[in-house]
Amino acid sequence: MDTLALTLTAVLVALLFAIPLGVWVGLSDRVNKVMSPVLDFMQTMPTFVYLAPLTLFFLIGGASATIATVVYAAPPAIRITAHAIRSVPETTVEAADSLGATRWQSLLKVLLPMSKRTVVMGVNQTIMAALAMVTIAALIDAPGLGKTVIQALQSLDVGTAFNAGLAIVVMAIVLDRVTTAASGREEAARRSGGRLLAWRRQLVAAGAVVAAVLVYLSHTYVWAAEFPGEGSVGSSVASGADTASTWVQDNLSGLTNAIRDALTNGLLNPFQTLLTDSPWWLVGAVLVGVGAVLGGWRSGVTTAVCVGLLVATGVWSDSMTTLASTLVATVMTMLLAVVVGVWMGRSTLADRLIRPTLDAAQVMPPFVYLVPFLALFGATRFTAIVAAIVYAAPVAMKIIADGIRNVPATTVEAATSAGCNTWQIITKVQLPMARGALSLATNQGLIYVLSMVVVGGLVGAGALGYDVVAGFSQGQLYGKGLAAGLAIVLLGVMFDRITQAAARRTSA
């Protein structure tokens, strides 16, 4: 209940300004250009970096934890809302304008209703992000399940950590289903002519009366306020998690070590060596050239500024090491996300079966599943890459699935009637028409991977993640930790600008 209170408070505060701001960003190109770097900063700045300043202003406790959660949870809602507004067909907006609709009427009667499904997904992502912050916020004395997870991991108690993480997952699934079903039932009520809406109001009124009676009883009688024991399900879950973790370590360590060594020695090490051993000016020139070729001269200028600031931070080598791991993790994330996202977008059954798993993977605190990964792969960079993929892939899959699902059915039917097979429909129709969703998924995947850099520093990834963690835990190294956090932000801004500009040029 402490976790639920913290999450709902942060989500409500975040949505109060995130949705209006997302609408504004979606309507105005100028605001979009101004807000994009700010959103990049908010999403890519490691939480360890801004936890410390927050505690200086608001002290350790629930207030700082709530503010930190708001800062972390708001950007997905802003970005996805802006994407939803921009995805409304221009012909529809022009038709409304030709009928004499004002901008306010177009927003309320056309843009928001047609983008409601995607906006609801933004609300879901805000909830997921807020729940994902619960564990990290426990480091500044946030109440709730995060404390249980941190204490369990300090003693390597996998079962207890998994049990607490599972409680967070269950809470996330409930909140996700409530928000999604609310949108669907509102549409059903509109189609039923208001009869279903009237029935729902009566049900809500009856529920409110029952809730008021129960609250009165719980505040009047002790027996109504007592919690009915600890229960046995939690201990069973914890015991099962311990048993499964032990079995995997004993029986699959050979296979997992082989996979780790093959990818590390065959892909990651050569790429990292190329970036770190080459002259900094040569790597910087290549990055600027890539930015200019893919995104145009403005993207090239932005890349040049970011490269210059990376050199000025004094952590160039660590930045290149982090860059290598981030790019490898992002590529693997997008390959997985495209396959699964297209499947979910084309199949309602697959979406219903897979989405709960994605919710669980997204909101399971990173510290929880780091323990099994450490047991499987050891304290290496590959462990951090796997953790980043597991953390970043769900949001990318959901965005791609939503983009595929929003491709007009008439277009798909026309392609089918023209003799296109399934592969041609996917590659020639649905993916090209969902290019905006693919671009957004790439950005979000990259940002989520970067947000895991700090956690990766705790499990052997080193580089910028370790610098941030060391700076947060040791006062004399706070300056270097802040520089490393700035370097992570610069990497995020640089590649966000390149991918956004490349997507715009491709669509044009």
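Let's start with T264, which sits in helix α13, residues 253-277. Helices here are DSSP runs of H or I with at least four residues, strands are E runs of at least two, and both are numbered from the N terminus. Is T264 buried or exposed? T264 is buried, because its relative accessible area is 13%, and buried means under 20%, exposed over 50%, and partly exposed in between, with a 1.4 Å probe and protein chains only. Leaving out residues up to four places away in sequence, T264 touches N269, P270, R381 and F382; a contact means heavy atoms within 4.5 Å.

A quick word on the model: it is predicted, so local features need pLDDT of at least 70 and side-chain atom pairs count only at pLDDT 80 or more, while totals for chains, interfaces and linings use all residues. Residues are numbered from 1 along each chain as its sequence is written, and side-chain values use heavy atoms, leaving out hydrogens and water.

Now step back to the whole chain. How many helices and strands does the protein chain have? There are 25 helices and 0 strands. Of its 508 residues, 49% count as buried. Take the contacts between residues at least 6 apart in sequence: 79% of them join residues at least 24 apart.

Let's go inside. The largest nonpolar core has 100 residues, and L131, I399, L464, M494 and F495 touch the most other members. Helix α19, residues 381-405, gives the most to this core, with 16 residues. A nonpolar core, by the way, is a set of buried Ala, Val, Leu, Ile, Met, Phe, Trp, Tyr and Cys residues joined through side-chain atoms within 4.5 Å. Beyond residues up to four places away in sequence, M494 touches L287, T303, C306 and V307.

Helix α21, residues 422-433, lets us check a simple rule. The expected span is 1.5 Å times one less than the number of residues, so its 12 residues should span 16 Å, and the end C-alpha atoms are 15 Å apart, which agrees. Which residues of α21 are buried? They are I425, I426, V429, Q430 and L431, and they pack against α16 (316-346), α19, α20 (409-417) and α22 (435-451).

On to charges. The structure holds 4 salt bridges, each a side-chain nitrogen of Lys or Arg within 4 Å of a carboxyl oxygen of Asp or Glu. In one of them, D261 pairs with R260, with the closest N and O atoms 3.1 Å apart. D261 counts as partly exposed because its relative accessibility is 34%, whereas R260 counts as buried at 18%.

Another joins D351 and R355 at 2.9 Å, N to O. Both lie in helix α17, residues 348-363, and they are 4 residues apart, about one turn of the helix. D351 also forms a salt bridge with R405, with the closest N and O atoms 2.8 Å apart. That pair links distant parts of the chain, since R405 is in helix α19 and D351 in helix α17, 54 residues apart. D351 is buried because its relative accessibility is 12%, while R405 is partly exposed at 27%.

R405 has one more neighbour to meet. R117, in helix α7, residues 116-137, is in contact with D402, R405 and N406, leaving aside its neighbours within four places in sequence. R117 and N406 are 289 residues apart along the chain, yet their C-alpha atoms are separated by 9.7 Å.
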